[in-house]
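Please read them alongside the sequence and the coordinates.

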Amino acid sequence: IPAYTRIVQKLYPDAVRGRIMSTIRMVQVAAILVVTPLAGWTLDHLGYRVLFPIGALMALAAALLFTRIQVDEGPLPPRDTKTFSDLGQILREDRRFVIYLISFALLGLGTMMSSPLYPIVQVDRLGLSYSQIGLLGLVESIMWLGSYLVWGRLLDRQGGVYILRLVCLITMFVPGAYIFAANGWMLLPAFVARGIIMAGFELGRINAGIQLAHRGRIIEYAALQSTTIGMRGIIAPLLGAALLRLGLPDTAVFALSVLLMACGWLLFGSVNAPKPTPQPVIEREQLRAAWPFRLRPPRP
């Protein structure tokens, strides 16, 4: 992820990064929508021994195509980071980034602490069938696909930190809906919100790291952010399950999730992030000229 963040910074022009990234992600989600039922049919009729090798071949093809993308990184400067203590120096000196990481961690804790409980509510409390959950998942996927159009333009205007704060606000609707859900339809706002935030989180996370990083230290900042994601991903689901085992009702865990997200939303507002430089209106031809995916000509 740190290397990918650096490539994104070099590959996409600042003025149109949000729109280009959102376009690529829309194609990705559209492929998921098409492939998912085909993968289900393959599992039912041919089994995973056929499906998994196909997935591996697709991954190899993607990796080969990725190596052919033109990325002009220029002369790479010597790396300043030599030890883990240098990463600690960023945390000691960049208070703004520390506040951002705490905000990011609170958002993640609130999000993932409730995630193990959602299937329990869907099955045990509401008694939803696979078909009903599938329909709700379809709504989520449609919102995931369509919201990229909005997030990409908003990202170019406001930056990644602003996007993550909005994501934090919208995410509160997910556990909030599960608190009051008495039937499957009352979960519809949660699935709509999940589709929206899945797109916003992915775009916001990468670009917030670029937005806050000091010049020449993109990889280090991305590494610290990825470490925060990994730590909260380990702790939060176990914490939610532990609270449930201690006797807390699922509604109390959902309420605690909303509280953590609200704290994260407040802290995101205190992160003094530079806004993107205002850009003139970019015409379609200019956007096409900025498109970085021109494959290298075949070698003789």
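1. In this predicted model, the buried residues of helix 6 pack against helix 5 (95–114), helix 7, helix 9 (173–180), helix 10 (188–212) and helix 12 (250–268). The residues concerned, within helix 6 (residues 118–125), are Tyr118, Val121 and Gln122. They lie on the same side of helix 6, because the arc they cover around the axis is only 95 degrees. After helix 6 comes Gly127, which has a positive phi, near 60 degrees.

2. The aromatic pairs deserve a separate comment. Their count comes to nine. For Tyr118 and Phe254, the ring centres are 5.6 Å apart and the planes stand at 25 degrees; the pair is therefore stacked, as planes under 30 degrees apart count as such. Since Tyr118 belongs to helix 6 and Phe254 to helix 12, the pair ties together parts that are 136 residues apart in sequence. Both Tyr118 and Phe254 are buried.

3. A cluster is also formed through ring pairs, and its members are Phe97, Tyr100, Phe104, Phe201, Tyr221 and Phe268.

4. Trp265 is involved in an arrangement of another kind: over its ring sits the charged end of Arg165, 4.0 Å from the ring centre.

5. Leaving aside residues up to four places away in sequence, Ser141 touches Val29 and Leu33.

Definitions and conventions:
Residues numbered from 1 in each chain as written. Predicted model: local features only at pLDDT ≥ 70, side-chain atom pairs only at ≥ 80, totals over all residues. Heavy atoms only, no water. Contact = heavy atoms within 4.5 Å. Buried < 20%, exposed > 50% of the residue type's maximum accessible area, 1.4 Å probe, protein only. Helix = DSSP H or I, 4+ residues; strand = E, 2+ residues; numbered from the N terminus. Arc of directions from axis to C-beta. Phe/Tyr/Trp six-rings, centres within 6.5 Å; stacked < 30°, edge-to-face > 60°. Lys NZ or Arg CZ within 6 Å of the ring centre and 35° of its normal.
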